[in-house]
Amino acid sequence: MATATAHDTSRRDPSSPWRHLDPVLVVCTLAVAALGTLMVFSATKGNGDAADTEFVKKQALFMVLGVGVMIVVALIDYRRFQDYAYFFYGGACFVLFLVVSPLGKSSKGAQAWFQLGPFQLQPSEFSKLALILGLAAMLAKWRGDIDLKRLGFALLLAGLPMGLIMLQPDLGTALVYVAIVLAMFCIAMVPGRYLLALTVVGVLGTVGVLHSNVLKEYQKDRLTVFLDANKASSGAAYNLNQSIITISRGKLTGDGLFQGKQTQLRYVPEQQTDFIFTVVGEELGFAGAATFLALMAVIIWRIWRAAALARDQFGQLVCVGVMAMFIFQLFESVGMTMGIMPVTGIPLPFMSYGGSTTLACFAAVGLVLNVHMRRFR
Amino acid sequence: MDTESPRLRLSILGIVAFSLFAALFARLWFLQIMATDQGEVEAANNRLRVIQEEAPRGRILDAKGRVLVDNRTSLVVTIDPHGLKDLKKDQRDDMLLRLATELTKSGVPTKVTGIEKRLGDPQYSPLQPIPVAIDVPETLMVFLAERADDFPSVQVRRETVRHYPEGSLAAHVEGYVGRISSTELEARMGTKEEPKVNPKPYEPDSDVGKTGIERTFEDDLRGIPGEITVEVDSKGRVKNEVGHKHPVPGNDVQLTLDIDVQRVTEQNLANELEGVRGTYTRDGKLAQGKAGSSVVIDPHNGNVVAMASYPTYDPSEFVNGISTDRYNQLVGGEAADNPLINRAIGGLYAPGSTFKLVTAYAALTKGLITGSTGYQDNGVYNVGNREFQNAGRFAHGWVPLPKAITVSSDVYFYWLGDRFWKERDKVGDGIQETARLFGYGQPTGVQLPGELGGVVPDPAWKKQFWQSLPADQQLKDGDKWYAGDNVNLAIGQGDLLATPIQVANAYATFVNHGVRHQTNLVLRVLKPGGDPSDPGAVVRSIDPIVASQFTMPDDDYTPLHTGLAGVTTDKDGTATEFFKGFDQTNFGVLGKTGTAEVKGKADTSIFVGVGPAQDPSYAAIAVLEQSGFGADAAGPVVRGVFGYVSGQDQAAACAAQADAAANQAKTANGQPAPTTTTTAKPGSLTVTCPDPPPDPVAPSTTTTTSGKSGAGGGAGGGTTGGSPGGGPKGGATTSTTRAPTATTRPTTTPSTSRPPTTTTRAPASTTPTTRAPTTTTPKKTG
């Protein structure tokens, strides 16, 4: 009824965008983020007498900050973002350049972070949004009239941050960019044959990367292990196997919160970040994991709906970019823990521990809310 | 349809999104709902670790329930070679140096080279932690545990290890335990492909009995290992214990050995060998006195009362694994020095004249002679153109059968051997047949690994043996059996070979009138910690087993018995001199001396005795390699044992002790000491000499300083005055006071009682001078 009331009010006072807020998206986002915080706690509390609360405290802080960011982003009319889109884009590329310079911090084989006091900033998370804004601004300007030259421009625009990210190297995040770009091209009415060609090029490019020396051997190992489960000797196969075992232990209802045997003994690597879905799977079972997926599906649906309702192409492109980002990250992060996607480090939106990803995700939802509530003006 | 509409494209995007969700749901459903318990099993496999907890082995007890082998806990410092490999060279060297320093500081002197040697020792699997120091103090365990980061891959474990309260006593019977080898493990647990179910499972670092009773009764002694099931995290760190099955200790094994008799036997054997060492034998050869053995069995049932082999070893050296260097040092010398061989069952000797019993009995049963048949012994016997002699060509004159045994007339038996050959159509291989009836040529069946069966040569054997030789060693006609072979066989020489226990058992068979028992070392298997006198504690008893049986007519038995009795009593008996002073009234001794000739070396001295003749309970043999003729060296060993078991020498143990002390002193004076053996280990000879309640020293004898002060007080009255003491050797330190008889005597005045301090024997290391008060006390008090 609250929704209906909101609609009624909006009709009476269309000048107030807040009247057009999508509460379903907000509620689902907050629910998933809360679940994520709980899962981070379960994954990091350890099994000593005193629970380790360091991670969960930080994650809760990120969540609160994230909600703040979401509100701020939603407050500012997205068309202002359109005006400054290239500024964001340029800034993002500059920061991405800095991170591969000696200023950046290398960890787990990729130079992708800045160390800021106790926090680590991962600019590639924020630059996704910058790319979405920049690309949306450029594509919206062309109003669906995209020839080969323009496509080339758009590809250059998308290619610069992707190239910088491959320098880290971080293939997973780069693939997120590919998904974002393809989805936005699709909606921007890039002719079908170009899209097809781009897809082919993308696939060939991925294969090429795997056969080049851009990635380290173990990174390639991780990416390809899901294709060949018998590669059991490698550590990557072990990790993947542990991940699948852990999820399958969950059965219908799971071991119960904080009761996951595999989780609490930390058999799965990176279980608070990339592999956090294993915690959901083991401790909450199919019931919990499916609920989580359903919540994510609702979020995606609401974003898709926002895209469909958007009053201009820029807004629609932004929503589609965010939707592609979430969908790809979700499918990759969850699929990898279940052995149907290559193992690569991509955070699960709102679930994985990490400040950059949490803030970026909330900002992304903020953008969508922004577009959605300004669909009438 | 308008394929170029954004709305359609958005729909396509939605469909793609929907498909992806569908895929995730489907996969999730498959993994969590459809899949079997595979995941659970795999998860349990990697999450749970079962740590085997070795069960304490059963104890080994003597016939009276006294402990020979039990267990103690030991703190063992181990290094995990796997973890060590991860260290850099300088870190590793530094760590080992610090470890060696800490070990040395805590009282376990250790060198880095020693640790390195252990680490490189091929006996250890590189997959298991290697023990580098044992019996470290608790403080070191705490120290190392607190500084685990400074000592990576170093661990201190609490282990249950074998403990030998009696030191090296009966070491050859007990045997030792050691880490299970890969072949032993495979035999017990099967291979990875074909695992065997074992109710007492072994792990690669389990201990297993390697020799002796430890090995033959492994299945009883081994306990059922406990299992601690722990949950480990992904790094292998133990997080919590989820299950604990406590280990079940192994069963105790009660031996037939009597610790006291065993000790006396071992001491007498050692004393005699060490006594003859470096002296010259009757035929002028240098006695080496390096090796020998002695066995005492009970003819009633074949039970082994004592079994000694010299040189011996200290089984505690094998606790936690003996180093390969030390092991090679033990077994690497001359064969005569190898202390790990149990010569009582694994030493092969020509039985020499002790075999004449068999020859004589064969001749009697085959009708060649009767119990009184005599022969003129001129010292020489000719077979064809070959001359066979008595020792020293000594002519015994007319010898009837009993005397032929008593004086050990070789000629008499040459004659019998020759007759067996000449009349072979009638009597066949009569000597060999009889020998087999007495147990020669086959193991006696004692429950020890390494028992040999010996050789009873006959024409078929000789031919086969010749054929087995390489062609260049096959002498012409060496495959044929000649009269000379029979003649040699008749006196226990030639190709005849027997183990000491075989000979003892043959004599037991004789006094049993043909009943031959399987020799036996184990009375019963008991529940862990069980009291042998409690029938409820008995897991199983081992009853005497008759291995074979034949009827021995009295007409054949009596003359032989007479001959054997004469050996220790007749004035011409070959062992009479050793039994002077031994009261045979209640403990008659049948005996037989023997000499096994070894080309170019001093003779092996053999004596076998059975007593008491009235109801034989002990068949004892002593075989002393390269130690002299006949019973010269072996006789006193058996004499000492009989002196003890007959109760005549309650002080025999003390005397042996005194000898050991004297020996020790002698060693200190520059005599060669056995380097590879543990003989008179200080502190291990704590035999309890009878406190002299009613001191046997009569007023009349208190004035004498002689050690045989009790000789005049025997209740039996059969004293042989003037004998130089009844001890194993008439040494200056012997003292054969007859304590038991003294119990019937009124207690003499307190002044004659020796003060307690002098009755407790001095430690073995005490020199004769410090012992002096013991012998002089009577004079002082008198």
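Let me start with a definition: when I say contact, or that two residues touch, I mean heavy atoms within 4.5 Å. What you see above is a predicted model, where local features need pLDDT of at least 70 and side-chain atom pairs count only at pLDDT 80 or more, while totals for chains, interfaces and linings use all residues. Side-chain values use heavy atoms, with hydrogens and water left out.

Now, chain B. Buried residues, meaning under 20% relative accessible area with a 1.4 Å probe and protein chains only, make up 53% of its 782 residues. Take the contacts in chain B between residues at least 6 apart in sequence: 73% of them join residues at least 24 apart.

On to the cores. A nonpolar core is a set of buried Ala, Val, Leu, Ile, Met, Phe, Trp, Tyr and Cys residues joined through side-chain atoms within 4.5 Å. The largest one has 129 residues, and B:I213, B:F438, B:Y440 and B:F642 have the most contacts inside it. Its largest share, nine residues, comes from helix α23 of chain B, residues 631-645; helices here are DSSP runs of H or I, at least four residues, numbered from the N terminus.

So which residues does B:F642 touch? Leaving aside those up to four places away in sequence, the list includes B:F579, B:F582 and B:F587, along with B:Y618 and B:A620. There is also a second, separate core of 126 residues, and A:I132, A:L164, A:M323 and A:M336 are among them.

Last stop, A:I71. This residue sits in helix α3 of chain A, residues 54-75.

Methods: Residues are numbered from 1 along each chain as its sequence is written. Chains are lettered from A and ligands numbered from 1 in the order in which they are written. Buried means under 20% relative accessible area, exposed over 50%, partly exposed in between (1.4 Å probe, protein chains only). Helices (H or I, at least four residues) and strands (E, at least two) are DSSP runs, numbered from the N terminus.
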